[in-house]
Each structure stands twice: as C-alpha cells, then as structure tokens.
Amino acid sequence: MAQSSAFGGSQVRTSGSLYPQYSARGNKKIIPLPHQIEAVYSRMLQSPQVRYLLADDPGAGKTIMSGMLIRELIARQAAERILILVPPLVLKQWQEELKDKFGEEFTIVNRSLLNSSSEVNPFESHDKIIASIYWASREEIKAYILKAQFDLVIVDEAHKMAAYTHGVKKRKVNRTKIYQLGESLLRHTEHCLLLTATPHKGDKENFRHLMSLVDHDIFSRLNTGDSIYEKSNPFVIRRLKETMKNFDGTPLFPKRTTTTITFDLSYGERELYEDVTAYAREHFNRAKQNNKPNVAFAMMILQRRLSSSLDAIYLSLKRRKEKLEELLASELTANKSIESFEYDELSIDEQEEIETLVEGETDVIDIEELKLEIEILDGLVRKAEMLVKQDIERKYLELENTLFGPDGLLSKEEKILIFTESKDTLYYLEQKLLQHVHEVTKIVGNFSMDQRREQVERFRNDVQIMLATDAGGESINLQFCNQMINYDIPWNPNRLEQRMGRIHRIGQKNEVFVFNLVAKNTREGDVLIRLLDKMEQMRTDLGQDQVYDFIGEVLEENNIDLSHLMEEAISGRENLDELIAQMERTLSEEHERLLELAKQERLDDSSFDLPGARRAYQEISISSMPPRVYGEFAVRQFEETRIKVNISNDGNTVRIDRFPKNIRELIKKRKYPLRTDESLRFTLRPDKQTEELFILQNDHPLKKLTMELASQELQQVALPICTVKTHVSEPLTLEISRISVVDGTGRELEQELMLLAKRETGEFIQVDPYFLFQKQFEVINTVGTDDKSFKKESILQAKKILQSVQMKRDDYLNRKSTYLRRSFDEQMQTLQERLTNYLSDNLNNKNSALINQTYTQIEDLEERSKERLENIERERSIQLQSIKSITQLNVQPIENTARVIPKDFIEAVKEYEYQNGRLNIRVKNAFGLVDFTSEEAEGNTRFILLTPSIELLSQQLELNDYQELNGSVHVYVVNQNKIFTEVKIEQIIGI
C-alpha cells in the first residue's frame with residue numbers, strides 16, 4: 001500500500017471540490033438551518049470579496065452564520081486574521097459559541113490582557129480576536145487595532161456604528177466614536193460582515209452612513225435615492241422571521257407570552273422603601289452637584305438592590321455601613337475612590353465587580369458628617385434586619401404562589417428559570433426554595449464554564465428550578481426550559497432580552513412564558529409597569545419578539561433611556577411625569593413607524609426557496625467526505641513520515657505522544673496552533689467524539705500538517721500508473737484530474753477533483769471521489785501505459801463544471817451590476833443638477849470655484865463608475881485553467897461486488913419511483929455514498945443505494961459513513977435491470 005497515501009493525499013486536499021461546504025453540513029453540536037445555509041453559501045461566498053450587512057430579524061442565528069463564514073474563509077485560505085467587535089454583554093457568549101459549535105478558539109482582548117502584554121500589541125500577537133466595540137472605539141485602543149491588519153472583521157450590533165446627517169443646505173455629519181472606528185478599520189479590510197436586527201430605524205441617512213462602511217463608492221453622500229432600502233440592494237441580506245423555517249417546513253420560532261405580575265409592598269416594606277430612597281436621593285443629588293459620579297452610581301446600585309429583595313438591600317446597607325466605619329476608624333485617610341469607568345462599556349462580570357467595589361464610595365470629607373451618615377445607615381440596617389427576620393417578603397409570596405400554588409408551575413412538571421440581578425437575592429431565594437424542594441441549581445458570575453455546564457446538566461436531567469444572575473446566565477443555553485421568572489427587572493431593556501434569549505432561541509420547541517415581578521406602589525415600579533405594558537403591546541402588534549433590544553436604543557437616542565428615567569424617579573425631580581409622558585409618546589411614534597415599516601417589508605419580501613435549500617443541504621450531506629477520511633489519511637501519512645502513532649485495540653482512537661524535531665519546527669514555521677509538548681488524541685469514528693476526543697475535520701491544524709507532509713512527498717515523486725483491485729462491478733480505466741475555474745481578476749472560484757472512468761465498451765462515466773476510500777484498495781503493480789483517449793471527455797466534463805459555477809454567480813453579478821449602475825446614475829444626476837444650479841447663478845463668476853469642484857467630482861465619479869463596472873465584468877468572465885492529470889488507475893474488480901453502476905439502472909429506478917409517487921429523481925456518480933435521490937410527496941429526500949446482494953452490501957459497506965444521513969437511505973435489490981425489493985439501511989446494518 002505504499003502508493004495509497006500518495007494519491008490519497010492529493011484526493012483529500014481537493015475531494016470533489018476544494019471548497020467542500022462542510023460547515024453547511026453541520027456537526028455534532030449544530031445543524032445549520034435553511035436560511036443560514038442560503039445566506040452563507042448562496043450569497044456571501046458567491047462574492048470574491050465578502051462585504052455584507054446581515055440584517056435578519058432577531059434570533060436568526062447571526063453568530064452561527066458568522067461561524068460558518070469564518071470556517072469557510074479559513075478553509076479557502078481567504079482569512080487568517082479575524083477581529084470580531086461585539087457589545088461587552090455578549091463577549092463570552094460569542095467566544096463560547098465559536099468554540100463549542102465550530103471549534104474556533106478566539107481570544108478576548110480587554111484592558112487586563114492589554115496591561116499584561118507589556119510592550120506587545122495583543123491585536124497583532126493574536127490571530128483570532130473578540131473585543132468590546134465600545135472599548136475598541138477609544139482613541140488609544142483604536143490605535144492598537146489600526147496597527148494590526150485583519151482579513152475579516154465582523155461587527156455585532158453594527159447599528160451602533162452610527163452617523164447622523166443634520167441640516168439640508170449646510171449638511172453636518174455627526175459621527176460617533178464607534179462609527180469613526182468603523183470608517184478607519186473597514187475601508188482597509190478585505191472582508192467585513194456587519195450584523196444587526198435593526199438596520200435603518202427609519203432614518204435613510206443613518207442607514208446610508210452604515211452602508212458606506214460596506215461600500216463607500218456606492219453609498220456616498222451623493223446617493224439620495226430610495227434604492228438603498230430596496231430588496232435589489234445586493235449588499236444587504238435580510239429575511240423576516242415568518243419566512244424562516246426548519247427543513248421540515250415548521251416555523252423556526254415558538255410563540256412567546258410575557259406577563260407582568262404586580263403586587264403591593266407591605267406597610268413595613270413601603271416604609272423601608274421610602275427611607276432608603278430618601279437617603280439615596282440626598283446623596284445622589286449631592287454627588288451630582290459635587291461631580292462625584294461614583295457616589296451617584298453607588299446610590300443607584302443601592303436603589304436597584306432595594307427593588308431586588310429585602311436580603312439584597314439589608315446586606316448592601318450593612319456592607320456600606322461597615323466600609324464607612326472602616327473609613328471613620330482611619331480618620332478619612334483610607335478614602336480612596338476607584339478610577340472612573342463607563343459602566344455600559346463593561347462586560348457583565350466587570351459590571352458585577354464594579355457594583356461591589358462602589359458600595360463604600362462617599363464624597364464626605366468631614367468626620368462629623370461621616371458619623372451622621374453612619375448613624376442614618378445604622379437605623380436603615382436595623383429596620384431592614386427586622387423585616388428580614390419577619391420573613392414575609394411580599395414579592396417572595398407572589399413567587400411562591402406562582403410556583404407552588406394549586407395551579408403552580410411546579411405542579412405541572414415545568415422547569416423554571418429564575419433571574420435576579422443580585423447574588424444576595426439569589427442566595428436568599430435558594431435558601432427559601434429549598435424549604436419546598438429537595439434541590440435547586442444555580443449559576444453566578446464567578447462560576448467557571450465547567451461549573452456552569454454541570455449545573456445546566458443537572459437542571460436538564462434532575463432538577464426543576466434554576467437560579468441565575470445576569471453574569472451567571474451569560475453563555476448558557478436552556479432551550480429545554482420554557483418558563484422564566486424575572487424576580488427583579490434590570491434597568492436596561494437589552495439585558496432583559498438577553499435573559500429571555502437563554503430560553504427563547506432557535507431549538508426551543510414549546511411556547512415560552514415569561515413572568516415579570518414588579519411592585520406597583522413604588523416610583524420605579526410605576527415606570528417599569530408602563531414600559532413593560534407598552535413593549536408587550538408593540539411586540540404583539542409587530543410579531544417581533546425581541547422588541548426589547550431596539551426599544552432600549554430608541555429611548556437612548558431620545559435621551560430618555562430607562563436608567564435616566566430611574567434616576568429621575570429616585571432624585572425626586574418634578575419633571576418625572578413629563579419624562580414618562582415623553583417616553584410613552586416616543587414609544588407610540590416608534591410603534592406606528594415600525595408597524596408601517598413591517599407592513600412594507602412584508603409586501604416587498606421575496607419568498608424563500610425552502611425546497612431548494614433542503615435539496616442543497618441533502619446534496620452536501622452525500623457529497624462531503626465522511627469524517628473518518630481525514631483521520632485515516634493522517635494516520636497513514638504520519639506512519640510514512642515516521643511519526644510514531646499509537647492506535648487503540650478497537651482501532652477507534654489515535655494517540656501521538658511526541659512529534660520529531662523536524663515536524664515540531666515545521667509546525668512552528670507554519671504557525672499551526674498545535675501543542676507539541678503534550679499528547680494529542682483523536683478518534684476515527686464520529687460516534688466516539690467527546691469533549692476531550694475530537695474527530696479530524698477538514699480545517700483542523702493536524703489535517704493541514706498532514707497535507708503539508710503529503711505535498712512535500714508528492715513533489716519528490718511522480719505518481720505512477722497503478723493497477724489496483726477493489727469493489728467495482730467491472731474493469732475500469734480511471735483518470736484522476738484537477739479542474740480549476742478562475743475569474744478575470746485571477747481569483748480561483750472552484751477547484752474540483754474529477755474522477756473519469758472508461759468502461760470496456762469505451763463509454764465514459766463519472767466516478768465519485770468517495771470511491772478512493774473503500775475498505776479494500778489493493779495496489780497490484782505500478783507499471784502501466786497512459787491512455788490518451790481521456791483528454792476530449794475531460795474537457796467536456798470540465799465545461800459542465802464551468803457552466804455550473806457560471807450559473808451560481810450570474811444572479812449575484814447581475815443584481816450587483818444593475819444596482820451599481822443605478823447608484824452611480826443617481827450620484828451623477830445629483831452632481832449634474834448641482835452643476836446646473838451653480839452655472840445658472842454664476843453672476844461675476846461667484847460660483848467658479850464650486851463649478852470647478854463639481855466638474856472634478858463628475859470626472860472622479862465617471863472614473864470610479866467605469867472601474868467598478870469593469871471589475872464586475874472581470875468577475876463575470878470565468879474560464880477553465882489547464883486540466884491537470886494527476887494519475888491513471890487500471891481498476892480490476894474483486895469477485896462478488898455489492899455495488900453497481902447507477903447509470904445502467906436509470907429507467908428502472910425512474911419507473912419504480914414514479915409508481916410510488918416520488919419525483920425529482922437524480923442519478924449520482926458511480927460508487928459514491930448513494931446511487932440516486934428522489935423526493936417524497938411531503939418534500940423529504942430519499943437516498944437510494946442499489947445492490948445485487950444485501951448480504952454482500954452489509955459486508956462491504958463502511959457502515960459509519962451512513963450515520964449522518966439519519967435513516968433516509970433505502971437499499972433497492974436489483975437484478976437484470978429490475979428492482980425486486982427494498983429495505984431501509986438500518987435493517988441491514990443496525991444503525
């Protein structure tokens with residue numbers, strides 16, 4: 001078998017297509033959905049330069065599509081250095097999802113990493129980076145980022161890269177810091193993907209500014225037409241929620257119902273509320289006057305704890321009193337304020353840490369005044385302690401009734417997720433609930449990912465209740481639970497959506513119910529009830545569940561965000577009612593505008609081709625190389641390169657303890673992310689994968705090392721013409737060739753491995769590359785003569801590949817060309833109108849400078865228009881490179897083979913399928929995973945395998961290769977061009 005790994009190496013590198021779309025097939029952790037496959041493969045990857053705004057409705061799985069794009073660009077060697085900018089609240093969530101679902105290790109670059117990096121720029125020293133979009137926009141951080149070059153930049157919540165145009169005659173553009181970062185960064189980046197669920201917010205200029213980050217030429221300030229919004233815009237991918245379906249046609253998102261449960265504080269609770277609020281108000285207002293933002297913030301934290309639970313406010317007051325007593329004991333010498341910070345720019349973990357640190361912040365500079373504050377705090381602590389000891393918290397009674405009443409959620413065997421902002425509240429709830437149930441699970445911010453996973457599994461399998469703080473709930477997915485209670489309400493609607501997103505996400509099978517507990521006889525409660533009711537009405541009318549995300553932003557843009565409203569509520573300022581009225585007015589206007597926009601989008605929306613997406617997915621499933629292939633090839637290649645490989649007794653697990661020195665140097669030189677100081681283990685069977693034991697994928701660094709070694713070997717020897725014996729139904733002469741398609745810019749669009757076989761009759765047939773990975777493949781000799789008759793047929797088959805590539809690209813290029821022409825025409829019209837006005841009002845040459853400037857702009861626009869349109873024509877002009885013959889094989893059959901050549905049975909299969917009501921029959925290349933596919937009446941794909949003998953088939957099949965086809969494979973027994981019977985494959989091999 002000395003030669004098997006040589007041509008095997010060539011085959012693996014380019015099996016079928018060089019770009020095999022393996023991310024579309026999914027893996028153990030994720031099966032991509034139809035709309036996700038369409039976005040990545042039918043849109044993004046059809047463009048040599050990926051620059052898009054992905055603006056699907058919320059919850060479409062933008063992280064998943066980003067992960068798919070990342071893996072495909074890496075596999076195509078089009079991206080190595082990648083930067084992802086996200087809001088700080090989802091930093092860890094992005095990192096976890098990319099690692100868990102795609103095996104991609106991204107480093108979170110933040111202030112602490114920067115400080116520990118000494119003189120090294122972490123944006124240059126790491127290739128795959130996630131960073132906070134707010135932090136990245138700071139001037140000193142932006143400078144680090146711009147020094148580093150990235151191949152791909154992904155921006156989550158890209159609408160935060162906002163710029164606004166003010167005025168008509170004297171137009172002034174206000175660019176936010178985040179937008180300025182986008183301008184500087186994205187114009188020098190080859191690929192960029194902007195993600196948002198709220199793309200334009202009804203402001204055309206705002207949207208144009210955002211789109212100019214994708215393509216500055218087309219979306220310039222001269223482009224004032226409405227085409228920017230139209231479906232014809234080829235740079236925008238936007239699908240509405242109702243068009244998104246599972247492969248079986250069922251809706252992707254279950255219904256979500258939100259209920260606000262209101263209650264009144266008891267007399268004692270109300271009295272404590274008023275006293276603490278008076279204390280917080282006094283110190284908040286004084287801190288504002290004295291420009292002490294940390295103290296003002298500490299008072300707002302105290303107020304939030306007051307709304308959370310009696311335990312939370314009692315312990316917060318107690319800790320503050322203790323810290324002030326320490327300060328008094330030091331005679332004010334220990335009064336060191338923490339550094340200023342931007343709360344909204346911090347991750348959830350950092351926010352939690354800051355909240356703890358500021359509890360003792362004070363602006364007191366007089367000892368007598370400090371003694372007075374401690375005395376007031378002492379009274380508040382005693383009052384809170386008395387209520388805690390009474391143990392009759394009204395809010396908890398509401399929770400208890402919701403959970404344990406006659407119609408309580410627990411009596412219905414439901415799983416319940418309870419969220420709170422405060423760890424103190426969480427531990428209080430845990431202690432109270434354990435009086436009713438044997439066990440509860442919990443997750444707080446300082447839990448490691450392993451601890452979180454353990455708690456999630458216990459919640460999934462054994463326990464009915466999970467408690468979580470916001471910091472703890474980050475990065476956990478609980479689709480198996482559909483009931484959630486917000487024990488307290490965060491003052492940020494986005495965070496409320498983050499909570500609900502833990503259970504209301506893709507994969508949730510049941511209707512989701514969310515309960516919000518709010519005290520109505522408090523100032524904050526009054527604000528929250530009105531806001532929650534309004535948002536729920538908007539959510540119902542718009543049919544858009546994640547309304548909370550963009551409502552928070554709408555309020556911010558009108559300077560009435562929820563945190564500000566709460567501050568006003570606490571500070572006792574007289575304009576609170578006016579602010580609430582303004583909030584309701586703003587939301588009503590936004591409600592009306594969004595309803596009109598939603599109506600228009602539904603009219604414009606083009607239908608999604610679900611059957612086409614389903615067929616494409618099934619085609620990928622049967623044309624992709626089975627996962628075992630890469631591992632088996634690596635083992636053979638390593639053995640030939642004299643790397644010691646240990647294989648387990650059952651043949652399933654491979655271990656490499658140490659790489660030789662020359663291999664370690666090669667790994668270092670190529671920068672493959674492989675640990676050479678520890679053992680490396682992988683499995684050859686997909687069903688044996690675990691967290692520690694991976695299966696080799698096409699883009700794994702170990703596979704890349706294997707290809708490098710095989711390539712070096714191939715450069716040293718020419719592949720001979722071999723005679724081999726394997727499972728074929730007749731003798732064949734097989735030629736293996738490499739086909740390459742390029743466009744006029746020189747970019748390679750497709751590279752395929754073509755296996756063309758000549759039968760004894762002289763007829764040519766296509767053979768599937770899967771053929772090369774059969775169980776038995778015995779090399780008899782390496783002496784043979786070249787058959788010259790393949791050349792003409794190779795060209796004919798290669799032209800079919802060319803036509804296929806052309807068809808895939810034409811739709812995209814036609815749309816892009818039409819849109820570019822319209823865009824440049826609109827810009828030219830604007831300039832011509834401007835020039836006409838200047839010329840008609842040019843008394844005493846007063847406009848001569850403006851006229852000359854406009855002539856220059858027209859010339860520049862003409863040049864750019866010509867260049868861009870010529871480039872599209874170059875992209876359209878695709879051609880075949882010279883066909884490279886790799887080798888020829890004389891293939892001899894082993895007696896009693898289980899496979900047949902499908903082309904010989906086309907008529908028999910068609911007749912049988914039509915008789916049974918199945919259509920769209922497609923014949924596949926010989927000796928592939930399956931021989932035919934057809935479609936059943938309900939749209940499901942049937943995979944068909946032909947055999948003369950079920951007994952032989954069960955002996956010769958590589959059984960594990962069929963596991964991912966999910967039991968849809970049917971074996972037809974054929975004889976003398978007739979189908980005698982059929983059985984499902986699992987009946988034969990027990991999958």
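Helices here are DSSP runs of H or I of at least four residues, and strands are runs of E of at least two, both numbered from the N terminus. The model is predicted: local features need pLDDT of at least 70 and side-chain atom pairs count only at pLDDT 80 or more, while totals for chains, interfaces and linings use all residues. Residues are numbered from 1 along each chain as its sequence is written, and side-chain values use heavy atoms, with hydrogens and water left out.

**Stop 1: helices 12 and 13**

Select residues 267–289 (helix 12) and 293–308 (helix 13), which pack at an angle of about 165 degrees with axes 8 Å apart. That makes the two helices roughly antiparallel (angles over 145 degrees, taken between N-to-C directions on a scale from 0 to 180, with axes fitted to C-alpha atoms over the stretch in contact). The crossing is left-handed, that is, the near helix is turned anticlockwise from the far one by less than a right angle.

Now show the side chains in contact (heavy atoms within 4.5 Å). Helix 12 contributes Y273, V276, T277, Y279, A280, H283, F284, A287 and K288, and helix 13 contributes V295, A296, M299, M300, L302, Q303 and L306. These residues comprise 12 nonpolar, three polar and one charged (Ala, Val, Leu, Ile, Met, Phe, Trp, Tyr, Cys and Pro count as nonpolar; Asp, Glu, Lys and Arg as charged; the others, Gly among them, as polar).

**Stop 2: two loop residues**

Most residues other than glycine have a negative phi. Select N291, in the loop between helix 12 and helix 13: its phi is positive, about 55 degrees. At 62% relative accessibility N291 is exposed (over 50%; buried is under 20% and partly exposed in between, with a 1.4 Å probe and protein chains only).

**Stop 3: the nonpolar cores**

A nonpolar core is a set of buried Ala, Val, Leu, Ile, Met, Phe, Trp, Tyr and Cys residues joined through side-chain atoms within 4.5 Å. Select M44, I84, L85 and F123, which touch the most other members of the largest core, one of 92 residues. Helix 30 (790–840) gives the most to this core, with eight residues. Apart from it lies another core, of 85 residues, including A287 and M299.

**Stop 4: E326**

Finish at E326 in helix 14 (310–329), which is exposed at 55%. Its C-alpha is 9.7 Å from that of G360, 34 residues apart in sequence.

How values were computed:
Parallel < 35°, antiparallel > 145°, perpendicular 65-115°, else oblique.
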